[in-house]
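Let's take a friendly walk through the open spaces of this protein. Have the model at hand and follow along.

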Amino acid sequence: MNILGIETSCDETSAAVLIDGKKLYSNVIFSQVSYHKPFKGVVPEIASRKHVEEINSIIEKAMAHLKKVDGLAVTVGPGLVGSLLVGKMTAEALSWVWDVPLAGVNHLEAHLFSPFLNHPKCSLPFVGLIVSGGHTNLVLVEDFGKYHVLGGTRDDSAGEAFDKVAALLGLGYPGGPQIDTLGARGNPNSIRFPRPYLEGTWDFSFSGLKTAVLYYLRKNPVDPKEIKTLSNICASFQSSVIEVLVKKTIRAAEKYGIHRICVGGGVSANSHLRTLFNKECYRKGFKVYFPSTLFSTDNAAMIALVGTQKIKKGKISKFLEVDPSLPICNW
Ligand code: KG4
Ligand code: ZN
């Protein structure tokens, strides 16, 4: 069964064809980052217009020599409403023309399962951590469509914290990859930033940490040319975020007796996060799975992966509703 996935929830226009829920035929991603960079963030109006301009050629590339697929899957939320609508309208039109089933996919579920693209033998259940630009969630995943959300962020998402701190440091947008690169060269113990554990809950909170960096910079202004100082700040900041993410996820795995962890979303590309998860999971005898860095950030392959399961289970519809704040729900 060949499924065409379409992803347009934010600033990546992407289409992918997945064969039998496992083998990737194509995965084409058009990143709009250069259009949003001058504004230091995603501009919704520009994002939806660019999706309209690019979507047809991206789908043509993903289809390569294929004339038709057996089904379609498209992101219906969460995300920017104008951007989501471009994907939904395109998918509805194609499903009507080709007369094939259509499934609406939750972008967060797709991030949860994204490690399966690289590790098809990864099994269920698992403890899932989503760390993206818009969300941070800890979820017990029993199966496709069977979730128990343990907690989420009360303010900034992990990705937002990286991007905002990068902006404070005068680094470009998006800031996560730059903090990762600089942080790898710095000393994570040089500055002791707070560790927001929110004990007794599975929730996260990163806005206080961002404020701590702001106050630190007010007291200790840093010249952007001082790479060593900048690297130490990046290393210390990311080590606070990552320590909390890794320790809380492992605690959840212990508490619920599920010794398998999947991490997805843009921040899962972070090298320090991967190193610490691997180290701590090895110590405990747990398994941890990441998507390749290409599948950490937004892509349509992960949409096709979840869409394949929905189509198999008959969770299809000719017409879809988009929801910018779509929560993780069971189906
Ligand atoms: O999952 P994603 O592509 O989009 C959303 O669904 O939101 O995540 C984008 C986020 C951005 O905040 C970006 O700064 C962050 O992922 N990110 C990283 C890294 N690569 C991307 N954060 C830390 N380290 C990275 N290497
Ligand atoms: Zn995403």
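The second largest pocket is lined by Asp20, Gly21, Lys22, Phe116, Leu117, Pro120, Phe144, Leu305, Thr308, Gln309 and Lys312. Here a pocket is an open set of points on a 1 Å grid over the protein atoms alone, where a 1.4 Å probe fits, with protein on both sides within 12 Å along at least five of seven lines; lining residues have an atom within 4 Å of a point. Two elements, α5 (115-118) and α12 (301-312), each give two or more residues to this lining, and α12 has the largest share with 4 residues. Helices are DSSP runs of H or I, at least four residues long, numbered from the N terminus.

The model is predicted, with local features needing pLDDT of at least 70 and side-chain atom pairs pLDDT 80 or more, while totals for chains, interfaces and linings use all residues. Residues are numbered from 1 along each chain as its sequence is written.

The volume of the second largest pocket is about 190 Å³, a volume being the space filled by probe spheres set on the points, which are joined across faces, edges and corners.

Now turn to the largest pocket, with about 1,100 Å³ of space. Its lining counts 40 residues, and Ser132, Gly133, Gly134, Asp163 and Tyr173 are the closest to its centre. Helices α4 (107-113), α6 (158-168) and α7 (176-183) each supply at least two lining residues, the largest share being the 5 residues from α6.

Conventions: Chains lettered and ligands numbered in written order. Heavy atoms only, no water.
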